[in-house]
Amino acid sequence: MKYQRIILILLSVFAINISFAQNEEKPGLIKYVNPLIGTEKMGHTYPGATVPFGSVQLSPDTDTLSYDANGKYNADVYKYCAGYQYTDKTIVGFSHTHFSGTGHSDLGDILVMPTTGELQLNPGTADNPKGGFRSAFSHNNETAEPNYYKVKLDDNGIMAELTTSSRVGMHRYTFPKSDNAHIILDLVSGIYNYDGKNVWTVLRVENDSTITGFRQTSGWARTRTVYFAITFSKPFKSYGYKDFEKARIYKGFWRKFDQSKNFPEMAGTQMRAYFDFDTAQGEQIMLKVAISPVSTNGALKNMAAEIPGWDFEKVKKEGQDIWNRELGKIEAETITEGEKVNFYTAMYHAFLSPTLYMDTDRQYKGLDLNIHRAENFDNYTTFSLWDTYRALHPLFNLVQTKRNSDMINSMLAHYSQSVHKMLPVWSHYANENWCMIGYHSVSVIADAVAKGVGGIDREYALEACINTARNNYYDGLSWYMSVGFIPEDKNGNSVSKTLEYAYDDWAIAQMAKKLGRDNIYKEFSVRAQNYKNLFDRSTGFMRPRLSNGSFKTGFDPLDTHGQGFIEGNSWNYSLYVPHHPDSLINLMGGKERFSLHLDSLFKMDLPDKYFAQTEDITREGIMGNYIHGNEPSHHVAYLFSHAGKPWKTQEYVRQILKKMYRPATDGLSGNDDCGQMSAWYIFSSLGFYPVAPGSDEYEIGSPSVKRAVINLENGRKFIIEAKNQSDKNVYVQKVLLNGATLFRPILKHSDIANGGSLIYEMGPKPNKKLYGK
C-alpha cells in the first residue's frame, strides 16, 4: 500500500506532459510552472510562449473552427477560446495573439506554419490533416515552459520552437533537406472566426527577408487593427499568395498585374501568403514577428528595440529570467510537489493579463481611434473586469502595485476617450466590447484607493466612477436609479445586474468617503442597499421583480435561464452581497438559518438539467450546488465567519483548493478568466481573501501552504507560516499577527504592506472558540 500511494502521488504530479520531467534542468521557480494546465476541457488556457503581461502570446492553434455553422452558432467553437485543446491531434499553425482562460474570444492573429513538399494553402481538417498544411503532432514531442514552446510537426518532420519578448515573437524551425520548403503566413485564420470578420489585410514585401502589413477585423472588438513586421533569418527564393474571398465585384486596375506570385504588394480579406526556401538537413530558419497597435513602422521599431539579433537562446533566457523574477514575488513552500506546481502555475496564469498595449516609443491607438502617447504610465488592454475585480486586481495591489496603478491609468485613459464617458466594462485592443454586466472598473479603482496605491489622480478617478454609474442608457441603469432595482420585463438578467450594481455603488461610496465627498458617499451608500429590493422573504431568495413591483412567477432558485441571473442561479447569487454580509444574514433570518443555507449550498445535489445547456458550467466546476467554475460565488465560502462559524470557511476552502485545482491538463474546474480563478487559488492558499474589494480588509480562511514570503514592492516582506500543516490539519487553532493573537478573522491590508509575520497554528479538529465566539 505504501508503494502504491507513492506511485499515485507521482502520477498526480507528472501525468501532465513529458516536458515536466525536465524540470530539474530549468533554473528558478519556472520549473514549477506547467503552461499545459488548463489546456484541456474548460480551462481555456494556451500553452505557448509569452512574457509577463506581454503584448505577444505566441502559441499553437489546434483547430480553426468557424463561429457559425449553417448560419447558427457553432457550439464547438467555444472549446477554442485560446486556440488550443489538449486532446486534439493536429496543429494548424502558430499565431501571435491569444486570451487566457476566457469564455468568449477573438484574436489568433498572424498564423505562421512551416511545411515541405507540395504547396498547400488550405489548412485542411482534423479528420484529413494531409488535405492541408496542418500537421499531426504528439505530446511526447511537445515541451511547454514559461516563454518557450517546442513541438515536432510529424507530417513534415519539422521541429518548431517559439519564444518571445514583450512585443515580438521569435520562431525557430529546424527543417529536413528539401528544395520545396515553405513558410505559410495565414491572414485568414483567427479565433471565433467567421465569413466577413476580416475587414481587410495588407502585406508588403519590403525586401527578400522583410515583410510588413496589417490585419483589420470586426469581431468581439469591432474595429481592431494589428500591424506587424516579419523578418526571416534567410532570404526567401520566391513568394506568392491567394485571396480566398468568394467574390468581389470591383477589383480596380490592379488586374493589369499577376499579383499571385512574386508581386510585392498584396491585399484582400481572405489572404494566405507563402515564402519558399531550399533547406539542408537540419537547417534552421528563424522568424521575428513584431506587432504594433499603431503602424508597421512601430512594429519595426519594436523589433529593433527588443530583439535586434538572431540569438534565440538569449531571448528565451531573458524572458525566463523575467518570469523567475515575477514568480519570486511570492516564495511558497507547500505540502506536496503537485501543490507547488498548482501554486506557481496559478501565479503564471495570473501574470498573463492585462497585456501591454503600446509601442516602445509609448504610442498606442486609443478608444477614439486616434494615436495617443502614454505619459507617466504604461498602457494596458484586455480588461476582463467582471472576472478580475474580485481577486486578480486585489492580488496586483499586493504584488504588482505599480503595474496595477498603470492599469488603472489605462482605464482612466479609456474613460477620457469614451464618447459615453464610461470606464471600461470589458475592453481589448482599443475597443469596448461590452461583455458581461456591472461597471466593475469602479471596484478596481476603489480597491486601489482604499489600499493606498499611488500614481492615480484620485479626484479624476472618482469623477470617472460617478459618471459611469450615472449613465442612464447603460444596461438598465435608468430603472435601477429610478425605482431601486431593474425590472426583469424591461431588462434581462435583472437580479444579477441589480446586485452587482449595488456592490459597485458601495465601492464608489467608500472611495468618496476617503476623499471627503460626503454628498457622493451618501448618494451611493443609499444605492448600495438596492439588493434589499429583490429579496423575497417568503422564499428566502433574491428573485426577479417586474416593472409593476410584483415578483416574477414561475421562480426556480436552481435554474439560471429566464430567472433573472447570468452565469449563476439564485442559490448562488442570493449570497452576492459582499459589501453587506451582516445585513444579508439578517435578511435571511439570522446566523443559524444563514449558516444552514451555506451548508446546504455545498452539500445539496444540482441535477444536470440545470446546467446541461450552459456552456460555461460543467460538473467539474460544481461542489453540491456551489459553482466554483464561475465567478459569482468565489467569495461565498468566506461568509461562514460572519455567521460565527469560521471553521466552516476553513473546511470548505481547503476542499475547494483540493478538488477544483489539480496539476493536470484538465486541472482547472472552469475558465481561468484572465487569471481570476488562479488569483482565488493564490489568495486562498495563503489563508486570506478579499471578499469585498474596495475595503482594506481580507477575510481569513485556512492556508494550504506550509510557509510563504510575500516580497512587497516597498522592499518589505510579509511572512506566512502554518504550523502543523497537513492535508488533515485544515482547521485553524490560533492566529498570530506579529506575535499577537488575532481575535477576529480579519487581516488589514496595512498589516501586510507594513511587513511582518502571520502564523497559523493548524489542527485536525475545529476550534470553535478561535475568535472568542
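Let's start at the largest pocket of this predicted model. Its lining is made of 27 residues, and those nearest its centre are Thr64, Val188, Asp195, Gln270 and Arg272. The space inside the largest pocket comes to about 600 Å³. If you sort the residues of this lining by class, you get twelve polar, eight charged and seven nonpolar ones.

Next, let's turn to the cavities. The structure holds eight of them with a volume of 30 Å³ or more. The largest cavity has a volume of about 160 Å³. Its lining counts 19 residues, and Asn379, Tyr380, Ser410, His414 and Ala430 are the ones that lie nearest its centre. Which parts of the chain supply at least two residues each to this lining? They are the strands β22 (363-365), β24 (380-381) and β26 (426-428), together with the helix α7 (401-417). Helix α7 gives the largest share, with four residues. By class, the lining of the largest cavity has nine nonpolar residues, nine polar ones and one charged residue.

The second largest cavity has a volume of about 100 Å³. It is lined by 15 residues, and closest to its centre are Ser55, Ile291, Ser292, Pro293 and Tyr357. At least two lining residues come from each of the strands β15 (224-232), β19 (284-292) and β21 (355-356). Seven residues of this lining are nonpolar, six are polar and two are charged.

Now for some pairs of charged side chains. Side chains of opposite charge can pair when their charged atoms come close. A search of the whole structure turns up 42 salt bridges. One of them joins Asp106 and Arg224, with 3.7 Å between the closest N and O atoms.

A second salt bridge brings together the side chains of Lys234 and Glu283, at 2.9 Å from N to O. This pair also links distant parts of the chain: Lys234 is in the loop between β15 and β16, Glu283 is in the loop between β18 (271-279) and β19, and the two are 49 residues apart. Lys234 counts as partly exposed because its relative accessibility is 22%. Glu283, at 21% relative accessibility, counts as partly exposed too.

Why does Asp447 count as buried? Its relative accessibility is 1%, and a residue is called buried when this value is under 20%. Lys451 also counts as buried, because its relative accessibility is 8%.

Let's move to the surface. Ile249, Tyr250 and Phe253 make a nonpolar surface patch of about 490 Å². Tyr250 is found in the loop between β16 (238-243) and β17 (265-268). With a relative accessibility of 64%, Tyr250 counts as exposed, since the word is used for values over 50%.

The peptide bond that runs from Ser353 to Pro354 is cis, with omega near 0°. Pro354 lies in the loop between α4 (337-350) and β21.

You can find Tyr192 in the loop between β12 (178-186) and β13 (198-207). This residue counts as buried because its relative accessibility is 4%.

Asp475 is another residue other than glycine with a positive phi, here near 45°. Its place is the loop between α9 (458-469) and α10 (477-483). At 22% relative accessibility, Asp475 counts as partly exposed.

Methods
Residues numbered from 1 in each chain as written. Predicted model: local features only at pLDDT ≥ 70, side-chain atom pairs only at ≥ 80, totals over all residues. Heavy atoms only, no water. Patch = residues over 30% accessible without salt bridge, like charges linked within 9 Å, V, L, I, M, F, W, Y side chains within 5 Å. Areas by Shrake-Rupley, 256 points an atom, 1.4 Å probe, with all protein chains shown as cover. Salt bridge = Lys/Arg side-chain N within 4 Å of Asp/Glu carboxyl O. Buried < 20%, exposed > 50% of the residue type's maximum accessible area, 1.4 Å probe, protein only. 1 Å grid on protein atoms, 1.4 Å probe; cavity = no way out; pocket = protein on both sides within 12 Å on 5 of 7 lines; lining within 4 Å. Points joined across faces, edges and corners; volume = space filled by probe spheres on them. Nonpolar A, V, L, I, M, F, W, Y, C, P; charged D, E, K, R; others polar.
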